[in-house]
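The following questions and answers go through one protein chain, moving from single residues to the chain as a whole.

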Amino acid sequence: MTSRYRIARLSRALIAFWLVVAASFARSSPPQHLESWEACLITSERTVPITLEHAVTAEQRRWGLMERQSLPARAGMLFFYDSDRPATAGFWMYRTRIPLDIAWLDEDGVILAMDTMTPCETDQARDCPTWPAGVPHRNVLEMNAGFFEKHHVDVGDKLVANLNDNIPCPMAD
């Protein structure tokens, strides 16, 4: 077997492999819907009740809110991590159809940084920008874009998620 033939054969095999990988990743999956819990955002002005889905596993975090067409007004997703994440760890909006507010939280739920992310319209994941936290953080909260501004949620405010008891917010407005 000539080396030219081996290279052509190897090239075809690699191309076939990457086509299968790309097709499985690009395949449109229905949006995930995870278990929901009642939570509160405690601001300097008020307590804001919200309902959060919890992305705990690597797979749940990887899919996040991809392919959702909408979220209820006071609903969002909380991404849990086992350890602190560096300031460079970011989120992206590949296959995410709705604009989102994002807040990076410490282990006690205090908001350390915030931003608003816009959907990435490209079919190529590599062409989507990332939104890095800019601060070390433990968890991440995503809500509909504009939610934080509308409810006066800011850096230093706190998320209280009663995961053990699923207790609604006290003093809800």
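Contact here means that heavy atoms lie within 4.5 Å. The model is a predicted one.

Q: Which residues does Pro132 touch, not counting residues up to four places away in sequence?
A: Pro132 belongs to strand 7, which covers residues 130-132. The C-alpha atoms of Pro132 and Thr88 are separated by 5.3 Å, although the two residues are 44 residues apart along the chain. Once residues up to four places away in sequence are set aside, Pro132 touches Trp104, Ala87, Thr88, Ala89 and Gly90.

Q: Is Pro132 buried, partly exposed or exposed?
A: A residue counts as buried under 20% relative accessible area and as exposed over 50%, with partly exposed in between. Pro132 has a relative accessible area of 44%, and therefore this residue is partly exposed.

Q: Which cysteines form the disulfide, and what is its handedness?
A: The structure holds one disulfide, and the sulfur atoms of Cys120 and Cys128, 2.1 Å apart, form it. The torsion about the S-S bond of Cys120 and Cys128 is about -95°, so the disulfide is left-handed.

Q: Are Cys120 and Cys128 buried or exposed?
A: The cut-off for a buried residue is under 20% relative accessible area. Cys120 has a relative accessibility of 8% and so falls under that cut-off. Cys128 has a relative accessibility of 8%, so this cysteine, too, counts as buried.

Q: In what order do the elements of the protein run from the N terminus on?
A: The protein has three helices and nine strands. From the N terminus on, these elements run α-β-β-α-β-β-β-β-β-β-α-β.

Q: What share of the contacts with a separation of 6 or more joins residues 24 or more positions apart?
A: The protein has 173 residues, of which 38% count as buried, and exposes about 10100 Å², with carbon and sulfur atoms supplying 55% of that area. Among the contacts with a separation of 6 or more, the share from residues 24 or more positions apart is 74%.

Q: Which element of the protein has the lowest mean pLDDT?
A: The protein averages a pLDDT of 81, and 76% of the residues score at least 70. Over residues 13-27 pLDDT stays under 50, and the model has six contacts beyond four places in sequence for them. Where pLDDT is low, the predicted coordinates should not be read in detail. Helix 3 (residues 147-150) has the highest mean pLDDT among the elements, 97, whereas the lowest, 46, belongs to helix 1 (residues 3-26).

Methods: Residues numbered from 1 in each chain as written. Predicted model: local features only at pLDDT ≥ 70, side-chain atom pairs only at ≥ 80, totals over all residues. Heavy atoms only, no water. Helix = DSSP H or I, 4+ residues; strand = E, 2+ residues; numbered from the N terminus. Buried < 20%, exposed > 50% of the residue type's maximum accessible area, 1.4 Å probe, protein only. Areas by Shrake-Rupley, 256 points an atom, 1.4 Å probe, with all protein chains shown as cover. Disulfide = S-S within 2.5 Å. pLDDT = per-residue confidence, 0-100.
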